[in-house]
Amino acid sequence: MVTAAELKRIGLDAGLVAVGVTGAETFTQARDAIEARKAEGMHAGMSFTFKDPARSTEPARLLPDTRSLVVGALPYAGGDLGAAPAGRPSGQVARYATDDHYALLKAALGEISTALRAAGHRSRIVADDNALVDRAAAVRAGLGWAGRSANVLVPGHGSWVVLGAVATDAELDHDELVADGCGTCRRCLDACPTGAIVAPGVVDARRCLAWMLQVEGPFPVEHREALGGRLYGCDDCQEVCPPSRRGPEGAVGVDATAAWVDLLDLLDSPDDELLARHGRWYVPRRDPRYLRRNALVVMGNVAEPDDARVLSRLTTLAEGDDELLAEHASWALRRLADRRAGTGAAAGPGPGVGE
Ligand code: B12
Ligand code: SF4
Ligand code: SF4
């Protein structure tokens with residue numbers, strides 16, 4: 001016999017900052033939200049939890065006899081990332097992607113799972129998996145509230161957490177919901193560079209930079225300037241969020257050196273090296289050309305317009321056989337020319353870039 005209180009203690013000792021328990025009932029609101037977004041095209045063709053909404057919102061399917069979900073949040077925000085390295089153009093990596101925070105999360109959930117099995121129960125860990133809507137589970141397990149940014153905010157930590165759960169056949173005491181903490185704030189909606197948060201809690205993925213960086217094909221021209229210096233992921237709706245300001249105490253550190261990627265180096269590196277370095281990221285079809293595509297847009301936005309190394313590299317790519325890269329390199333050259341002439345300052349470089 002193991003209790004919810006014992007499992008929470010195990011999770012907290014393993015590095016989680018919040019652990020809660022909920023039952024295996026269907027997440028009907030999340031299912032309705034997923035269906036509605038699919039109907040309006042806001043899922044932008046993503047699969048993940050959108051592929052089979054019935055599966056991702058029915059925890060009962062996770063195990064033959066699911067009775068409870070023990071849900072955990074691992075913090076990752078860390079401290080100040082500082083400015084971009086001087087002298088060479090760099091792209092910025094969202095904080096959650098600077099390390100394998102999901103591996104750390106799964107290890108902590110693994111401790112909970114081990115305790116459940118030792119007590120004779122079944123268990124299954126699900127984190128960032130197509131089989132469960134993690135935010136809905138976190139909200140119902142009382143870890144935090146659903147913010148207007150769509151992120152779940154944990155009191156005292158804000159949204160700088162990754163979420164996962166252990167499904168089990170153990171009968172455990174459930175937790176209460178946490179009250180909404182957004183109040184009258186709407187900073188995330190106003191700060192989103194592309195207006196992707198189309199209503200409180202509703203992200204139109206077609207306009208979300210985090211998704212555009214992960215999808216195949218050309219990067220949408222109308223959002224290239226807004227991309228600024230972001231090479232992977234986007235943290236704007238969290239950076240402006242008052243309850244999420246600064247890294248919480250005890251957060252798993254973000255390696256500031258992993259937060260910046262040298263763009264010239266990225267363009268010059270062979271495929272296997274790029275995948276070895278960034279293979280944890282979601283790269284469409286695991287094709288490193290998409291990393292280069294993203295780097296070219298960022299290059300146009302952040303490089304010094306007169307940097308001879310940049311201009312030479314871009315010109316070679318613009319004249320090359322790879323149509324996707326040639327088009328993005330040509331765009332970057334035009335963007336640099338506009339910035340040199342002082343006519344392309346509308347979007348400017350991204351946060352922290354070139355400061
Ligand atoms: C697909 C996906 C994306 C897509 C779409 C995001 C989206 N909002 O739907 C893209 C690629 C854009 C994305 C981006 C990001 N993601 Co993501 N993503 C997912 C994934 C795989 C599924 C999300 C999902 O099911 N969406 C469907 C819709 C219906 O769900 P939702 O937006 O989460 O909806 C909830 C709220 O909006 C709320 N809600 C709905 N209506 C309303 C109305 C009101 C008024 C309010 C207040 C709330 C509210 O309730 C819904 C259900 O709980 C999950 C992992 C998983 N398996 O769950 C990670 C996940 C949601 N992502 C995560 C992260 C970290 C991010 C980024 C911060 C990464 C980054 N820095 O670039 C951004 C944040 C963008 C944002 N503001 O949402 C974390 C979120 C952690 C947290 N604290 O909330 C998750 C849970 C991964 C994990 N296991 O930790 N992501
Ligand atoms: S991740 Fe960036 S683009 Fe996406 S909703 Fe948040 S601020 Fe907007
Ligand atoms: S920025 Fe304000 S409205 Fe948006 S999630 Fe944070 S507290 Fe809520």
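**From one residue to the fold**

User: Does alanine 18, at 11% relative accessibility, count as buried or exposed?

Analyst: Buried means under 20% relative accessible area and exposed over 50%, with partly exposed in between (1.4 Å probe, protein chains only). The relative accessibility of alanine 18 is 11%, so this residue counts as buried.

User: What kind of model is this?

Analyst: Residues are numbered from 1 along each chain as its sequence is written, while chains are lettered from A and ligands numbered from 1 in the order in which they are written. Side-chain values use heavy atoms, with hydrogens and water left out; local features need pLDDT of at least 70, side-chain atom pairs count only at pLDDT 80 or more, and totals for chains, interfaces and linings use all residues, for the model is predicted.

User: In which strand is alanine 18 found, and with which residues is it in contact, leaving aside its neighbours within four places in sequence?

Analyst: Helices (H or I, at least four residues) and strands (E, at least two) are DSSP runs numbered from the N terminus, and alanine 18 belongs to strand E1. Contact means heavy atoms within 4.5 Å. With neighbours within four places in sequence set aside, the contacts of alanine 18 are Leu12, Val71, Gly72, Ala73, Leu143 and Val154.

User: What is the order of the strands in the open sheet?

Analyst: Two strands pair if DSSP finds at least two bridges between them. E1 and E2 (residues 68-75) pair in the antiparallel sense over six bridges, and E2 and E7 pair in that sense over eight bridges. The edge strands, each pairing on one side only, are E1 (18-23) and E4 (123-126). The four strands, with antiparallel pairing, have the order E1-E2-E7-E4.

User: How many residues of E2 are buried?

Analyst: Both faces of E2 are covered. Ser68, Val70, Gly72 and Leu74 are buried on one side, and Leu69, Val71, Ala73 and Pro75 on the other. The count of buried residues in E2 is eight of eight.

User: At about what angle does helix H4 run to E7?

Analyst: Axes are lines fitted to C-alpha atoms, for helices over the stretch in contact, and angles run from 0 to 180 degrees between N-to-C directions. Helix H4 (residues 101-118) lies across E1, E2, E4 and E7 (161-168). Its angle to E7 is about 25 degrees.

User: How far apart are the C-alpha centres of domain 1 and domain 2?

Analyst: The bounds come from an automatic or database domain assignment, which gives domain 1 (4-83 + 96-168) and domain 2 (187-341). The distance between their C-alpha centres is 27 Å.

User: Which residues surround ligand 2?

Analyst: Ala, Val, Leu, Ile, Met, Phe, Trp, Tyr, Cys and Pro count as nonpolar, Asp, Glu, Lys and Arg as charged, and the others, Gly among them, as polar. By class, the shell around ligand 2 has seven nonpolar, one polar and one charged residues. They are Cys192, Pro193, Thr194, Ile197, Cys208, Leu209, Cys234, Asp236 and Cys237.

Note on methods:
Near = heavy atom within 4 Å.
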